[in-house]
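Look at the sequence and the model first.

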Amino acid sequence: MSDAGFLDVIAPGLMTSVQDLGRLGSQALGMPVAGATDAMALRIANAVVGNPENTGALEIGYLGPTLVAAVDGVRVALGGKAKLTVQPAGGEARSVKPWRSLLLRRGDKLTVGAVEEGGVAYLAVAGGFAIQPFMGSLSTYMRSGLGGFEGRALKAGDKLPLNTVAAEGEERELADDIDYGSGPVRVVLGPQEDRFTAKGIDTFLSATYTVTKEADRMGIRLDGDSVEHTRGADIASEGVVTGSIQVPGNGKPIILMADRQTTGGYTKIATVISADLARVGRMKPGDTLQFAALEVAAAEAARREQEKMVRRLIKGIRTALPDVMLDLNALYTQNLISGAVDAPSGY
């Protein structure tokens, strides 16, 4: 166990795992990249607590964990929107804001509720976790039980070892919201565009699809109008990338995500552009989406603009305003106005 102490997992949440920006450079060995499905939120949450952007953090799926600090000086920040409360040992719970750092003391209980926008959020810890990287990454690839904390999602009773203990000091917060974009998800058609009929491509670009309950970190299965092939769905297996959209024999698209395999044998009608991957990675069952095609040059330009936004947001992280919660009961029930006078009469 780390000398810096640990976070005690009281309740793990629905799907909480350690993720960084992924295990790059090992796909030739058949090793998936894994990593955060919303890389922007991970990067910025890490920046709020002063970490390098690729530091491993807790990826929270749908419902967050309850954690207790076993040591003084654990600085955390939630990247994403969820109800967040902290309860000192023997004290009352109070709400705290996301996208703002917070220093936990020994015995403080931190509870992350349901993720309110999208399906994922990230809890960054200053200094990161004292976990040995696997193939250069702390990302958890749960299908093979590799990486992260014991190769799996958290469970009650786990003790997450910390690298450092943070010092007292000013807290920091994100000044502006992340713009994930809106409208249709943008794609570049291909590489097997010729394996679909004109009607099939028109269907793909005009239909509204719904994220199914089978969606997970490996792929987002969609329900909606079937896409028509020209001569079947199977091809010789070849490399795939995050964002590849496979269309198997039933004609229902599947967007490959962080835990995707490294090769695949289904025809791929398109690829989600890099600038829209974080937006897609936050989607949850029941969400709907449409697709719009654009050229490679436009996709590259969109990614450059997105990176400018991320850099601007990180540069704009500021000293946090006091985390003071209004006493609404006092505000609504007490007479807060006194000493009023009638100006013309002087009374």
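Q19 stands opposite A57 in β3. Strands β2 and β3 are joined by five bridges and run antiparallel; two strands count as paired if DSSP finds at least two bridges between them. Strands (E, at least two residues) and helices (H or I, at least four) are DSSP runs, numbered from the N terminus. The model is predicted: local features need pLDDT of at least 70, side-chain atom pairs count only at pLDDT 80 or more, and totals for chains, interfaces and linings use all residues. Residues are numbered from 1 along each chain as its sequence is written, and side-chain values use heavy atoms, with hydrogens and water left out.

**Sheet**
- Five strands form an open, antiparallel sheet in the order β2-β3-β10-β5-β8.
- β2 (15-19) and β8 (102-104) are the edge strands, each with a single partner, so one side of each has no neighbour in the sheet.
- Neighbouring strands are turned by 30° against each other on average, direction ignored; axes are lines fitted to C-alpha atoms, for helices over the stretch in contact, and angles run from 0 to 180 degrees between N-to-C directions.

**Other pairings**
- Four bridges link β3 and β10, again antiparallel, and I60 has A121 of β10 as its bridge partner.
- β5 (residues 74-79) is joined to β8 by three bridges, also antiparallel, with V74 partnered by L104 in β8.

**Cover**
- Helix α1 (residues 39-48) lies across β2, β3 (57-61), β5 and β10 (120-125), at about 30° to β10; contact means heavy atoms within 4.5 Å.
- In β3, five of five residues are buried (under 20% relative accessible area; exposed is over 50%, partly exposed in between; 1.4 Å probe, protein chains only).
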